[in-house]
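Biologist: I am new to this structure. Please walk me through it, and expect me to ask how you know.

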Amino acid sequence: MTNDLTVQVSSAGYDHGNSASIRFNTQDLGENFYNRGLNVAVFDEFTGQPIFGTTFDTFNSGNSESFAQFISTLPPGRIVAIAIKDDANLNLSERGKRACKSLGSRLIDHLQFRSSWAIIGQTGAASGTAAEQLSHESAVTCSREITATKVKVPSFVVAVTSAGNNWGSLTVRKYLDN
C-alpha cells in the first residue's frame with residue numbers, strides 16, 4: 001500500500017512578505033521555526049516523514065559553510081525542502097550554492113539580495129530535477145508529491161533555540177516517533 005504525501009514550500013524575501021513556510025500535507029512544520037536565511041526541513045525518502053528542521057542564517061558569514069557541511073552529511077536520496085525568509089544570498093558561498101545544486105537546483109546561481117526562493121529536492125539529484133521557484137519581485141511557492149510505502153507521523157517534536165549576542169537565533173527541530 002502506498003500513500004501520496006505533499007510537501008509545500010513558500011518563501012517571501014524581505015521586501016515581498018518576509019516569511020517562510022514548509023508544510024507536510026496540511027500541517028506547518030512550526031510557526032516559530034522560521035528565521036532569516038535558509039529554513040531547511042529534511043524528510044525520509046521512503047516514508048515521507050519529517051526528520052529534521054533548522055535554519056542557516058547565511059546573511060551572516062560562516063553559516064553557509066555549516067549549511068554545505070550539513071547537506072553533505074545527508075544520505076543519497078533524502079528529500080530536502082528549503083524556504084528563504086528575509087535574505088540568504090549576502091554571504092552564501094560557492095560551496096553553499098554547490099550544496100543547493102546537489103539537491104537538484106538550477107536557479108540558485110540567480111539568487112539575489114532578498115529574493116524569494118523555495119526548493120524541494122533530493123540529495124545527489126541532477127541539476128534541474130528539483131521542484132523550485134525563484135523571484136526577485138514576489139513571494140513564491142512550490143510543492144511536490146511524495147509516494148511513501150509506509151507513513152509515520154511523528155508523535156512529538158523536540159525544539160532547541162539558541163541566540164548569540166550578534167548572531168540572531170538558531171532553532172533545531174527533531175521529529176521523534178513513539
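Modeller: Start with the whole chain. This is a predicted model. Of the 178 residues of the protein, 48% count as buried.

Biologist: What makes a residue count as buried?

Modeller: Its relative accessible area must be under 20%. Take C100. Its relative accessible area is 0%, so C100 is buried.

Biologist: Why is C142 called buried?

Modeller: C142 has 6% relative accessibility. The cut-off is under 20%, so C142 counts as buried too.

Biologist: How many disulfides does the protein have, and how do you know?

Modeller: The count comes to zero. A disulfide needs a pair of cysteine sulfur atoms within 2.5 Å.

Biologist: Which elements make up the protein?

Modeller: Two helices and 11 strands. From the N terminus on, the order is β-β-β-β-β-α-β-α-β-β-β-β-β.

Biologist: Which residues of helix α1 are buried?

Modeller: Helix α1 spans residues 63-73, and its buried residues are S64, F67, A68, F70 and I71.

Biologist: What puts them on the same side of α1?

Modeller: Their arc. They cover only 160 degrees around the axis, which puts them on the same side of α1.

Biologist: Why is strand β7 called largely enclosed?

Modeller: Strand β7 covers residues 116-122. Six of its seven residues are buried, so β7 is largely enclosed by the rest of the structure.

Biologist: How do you know that β6 and β7 pair?

Modeller: Pairing takes at least two bridges. β6 and β7 have five, so they pair, and the sense is antiparallel. A83 stands opposite A118 in β7.

Biologist: What makes β7 and β8 a pair?

Modeller: The rule again is at least two bridges. Five bridges join β7 to strand β8 (residues 131-135), so they pair, and they run antiparallel. In β8, L134 is the bridge partner of W117.

Biologist: How many of the contacts join residues at least 24 apart?

Modeller: Among contacts between residues at least 6 apart in sequence, 59% do.

Biologist: What is the accessible surface of the protein?

Modeller: About 8400 Å². Carbon and sulfur atoms hold 47% of that surface.

Methods. Residues are numbered from 1 along each chain as its sequence is written. This is a predicted model: local features need pLDDT of at least 70, side-chain atom pairs count only at pLDDT 80 or more; totals for chains, interfaces and linings use all residues. Side-chain values use heavy atoms; hydrogens and water are left out. Buried means under 20% relative accessible area, exposed over 50%, partly exposed in between (1.4 Å probe, protein chains only). Helices (H or I, at least four residues) and strands (E, at least two) are DSSP runs, numbered from the N terminus. The arc is that of the directions from the helix axis to the C-beta atoms. Contact means heavy atoms within 4.5 Å. Accessible areas come from the Shrake-Rupley method with a 1.4 Å probe; for residues, only the protein chains shown count as cover.
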